[in-house]
Every structure is written in C-alpha cells, then in structure tokens.
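Please read them alongside the sequence and the coordinates.

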Amino acid sequence: MIPKITLEQWAAFKAVVDEGSFARAAETLNKSQSTVSYSLSKMEERLPAPVFEQAGRKAQLTDFGEAIYRHASNLLEQAQLLDQTANYLASGWEAEVTLAVDGIVCINKVFKALQNFSKESPQTRIRILEPTLSGTDEALIQREADLVITARVPPGFLAEPFGFVKKVPVSSPDHSLQKQTFPITEDILKQHRQIVIRDSGIKRSQNSGWLDSEQRWTVSHFATSIAAVKAGLGFGFLPKEQILRELENGELVLVPLEQGREQLIPIYIVASAQSHAGPATLEIKRYLAQQKLGE
C-alpha cells in the first residue's frame with residue numbers, strides 16, 4: 001500500500017509546529033514559504049480530521065493534531081536512521097559484529113568499550129558469545145565471531161595484548177582448608193574437591209586450572225563456580241576481578257598456598273578475518289584496546 005502522505009509533507013508539518021510559523025519552517029527546510037504552505041495543505045486534504053484549529057489570531061494543534069505530530073516525529077526519526085544505515089552499509093560498515101569473550105574475562109570493560117562504540121554507531125548490532133577454553137579457539141578458527149577475546153592464540157593468527165586476568169585460589173571462610181595451621185601444598189589441595197569450568201569446545205580438550213583431583217565438580221560458567229565455592233562445595237581458582245566484592249565482604253577468602261598463590265593469564269584480542277576485517281570490527285577492536293584488563 002502506497003502512503004497517501006509523503007515524508008516531505010510530514011517534514012513540512014513537523015517544521016511548522018516546531019518553528020511556530022510558515023516563514024521559520026521554510027527557512028529551516030531551506031524551501032520557499034509557498035512550497036511549505038502547499039505541502040501542508042495537500043497533507044491536510046488527505047487526513048480524516050483537521051490538525052490545526054484557530055485560537056484567536058493563532059493556529060494551534062487539535063487533539064488529533066497532537067497525536068499525529070508524535071507519530072510524524074517518530075516516522076521522520078526512523079526515516080533518518082534508515083538513511084544512516086544505508087550509508088553505513090554502502091560504505092562497507094557491517095550491520096552486525098559478533099564478539100566471542102572467554103568466560104574468564106570480566107565483561108564490564110568489554111561493555112564499556114561497546115558502549116563507547118555504540119555512541120558512534122548505534123545502527124550496528126552486537127552479538128556476544130561466551131565460550132570457555134577451547135570453545136573460544138573454535139569461535140575464532142571456525143569464523144563464528146569477528147573478534148575474539150581469548151587467553152590462547154591459535155597458530156596462524158595475530159593478536160593484540162588486552163592485559164591479563166589474575167586467578168587466585170579461594171574457598172568459603174568455613175571450608176576445611178581455612179583450618180590448616182601450615183601453608184597448603186598442591187598435594188593437600190588434591191585431597192579436596194575442586195570446582196572447575198567445563199570446556200565449551202566440541203573436543204573439550206582443555207581444563208581451567210584443574211589439579212587432577214578426583215573430587216572434581218564441573219560447571220559451565222564462572223558465575224556458577226563462584227556460587228559453588230561460596231556455598232562451601234569446594235575450592236577454586238577464580239578470576240580475582242570477578243570476585244572483588246566477595247573477597248571484600250568475606251564471602252570468599254584466599255587459600256594460603258605454600259606457593260603459586262596467583263596465576264597471571266595474558267589475554268588477547270584477535271580478529272578472525274586478519275587481513276579483511278570490516279570497519280566496524282576494527283573500530284570495536286580500537287575501543288577494546290583502550291580498556292586494558294588488569295589496569
């Protein structure tokens with residue numbers, strides 16, 4: 001169905017309402033006053049009710065006109081967004097960018113970068129995948145994501161440093177490990193249940209700091225592992241940045257290891273299409289590089 005009223009007529013109507021006169025509306029639209037007046041009169045002919053009514057020497061919007069004005073404003077805004085989107089697409093700017101973020105990474109700094117990017121390009125859709133371990137490798141190698149934030153860089157890919165994640169051994173304050181009166185060795189740790197993260201890759205060939213303890217409980221997300229350790233179900237090596245609040249309020253405490261109390265894990269940003277990444281992908285990568293982990 002072809003609309004009876006054109007965008008140009010809706011624009012004339014909105015400008016007259018916003019500016020308060022035909023003369024100022026014509027100046028805003030860079031058109032003659034007669035052109036604006038003609039557009040508005042043709043629009044009113046096609047409407048089922050008047051949009052203006054006389055109030056003394058001035059014309060004001062009717063209730064119908066008020067409602068129509070709001071719809072016209074939304075329509076013109078959507079038309080402007082459509083023009084911008086068309087320009088983005090014509091210039092090669094991607095309509096959607098997929099980002100794979102390994103679960104070990106605190107998502108807050110990623111969101112900060114994406115928020116800055118979205119101010120520049122609100123039309124670009126963002127899709128976030130949250131794999132773990134070799135699942136992150138697969139998202140990169142199989143081109144499931146345009147950008148990958150990972151602790152491992154597969155052969156053949158170039159990476160940009162994104163800081164580091166610090167993993168620390170923790171348990172609940174009432175866990176039996178906290179009752180030890182001497183530094184805890186790896187052999188002692190193996191006698192206790194460890195909470196580990198499941199590898200989301202198809203082959204599931206990696207583990208997240210598992211010490212080969214038989215008493216192992218496996219979960220799919222770091223948020224679940226944090227909850228399990230807080231509940232006293234076992235100890236775990238958890239990303240410190242993701243448990244700062246729990247460490248501060250005492251819900252989690254550090255396990256007093258004899259050695260290896262911290263694990264520093266380098267994190268990288270990798271583009272799956274190394275030589276022909278799109279402009280939106282490269283721009284997101286630039287914003288991510290400004291939000292270094294561990295800083």
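1. The buried residues of helix H3 pack against helix H1 (7-19), helix H2 (22-29) and strand E1 (52-55). Contact here means heavy atoms within 4.5 Å, and buried means under 20% relative accessible area, with exposed over 50% and partly exposed in between (1.4 Å probe, protein chains only). Helices (H or I, at least four residues) and strands (E, at least two) are DSSP runs, numbered from the N terminus.

2. This is a predicted model, in which local features need pLDDT of at least 70 and side-chain atom pairs count only at pLDDT 80 or more, while totals for chains, interfaces and linings use all residues. Residues are numbered from 1 along each chain as its sequence is written, and side-chain values use heavy atoms, with hydrogens and water left out.

3. The buried residues of H3 are Val 36, Ser 39, Leu 40 and Met 43. Seen down the axis of H3, they fall within an arc of 95° and so line one face of the helix; the arc is that of the directions from the helix axis to the C-beta atoms. On the face turned away from the buried side, H3 carries the exposed residues Ser 34, Tyr 38 and Glu 45.

4. Where does His 175 sit? The residue is in the loop between strand E6 (159-171) and helix H7 (186-189), and counts as buried because its relative accessibility is 9%. A polar atom of its side chain lies 3.0 Å from the backbone nitrogen of Leu 177. Leaving aside neighbours within four places in sequence, His 175 is in contact with His 192, Gly 232, Gly 234 and Phe 235.

5. The count of salt bridges comes to 13, each being a side-chain nitrogen of Lys or Arg within 4 Å of a carboxyl oxygen of Asp or Glu. One of them joins the side chains of Lys 166 and Glu 262 (3.8 Å, N to O). Lys 166 lies in strand E6 and Glu 262 in the loop between strand E10 (253-254) and strand E11 (263-271), so the pair ties together parts that are 96 residues apart in sequence.

6. Lys 230, Arg 245, Glu 246 and Glu 251 are linked in a network of salt bridges. Within it, the closest N and O atoms of Lys 230 and Glu 246 are 4.0 Å apart, and those of Glu 246 and Arg 245 are 3.2 Å apart. Glu 246 is buried at 7% relative accessible area, whereas Arg 245 counts as exposed at 52% relative accessibility.

How values were computed. Polar contact = N/O pair within 3.5 Å; in protein donor to acceptor, adjacent residues only side chain to side chain.
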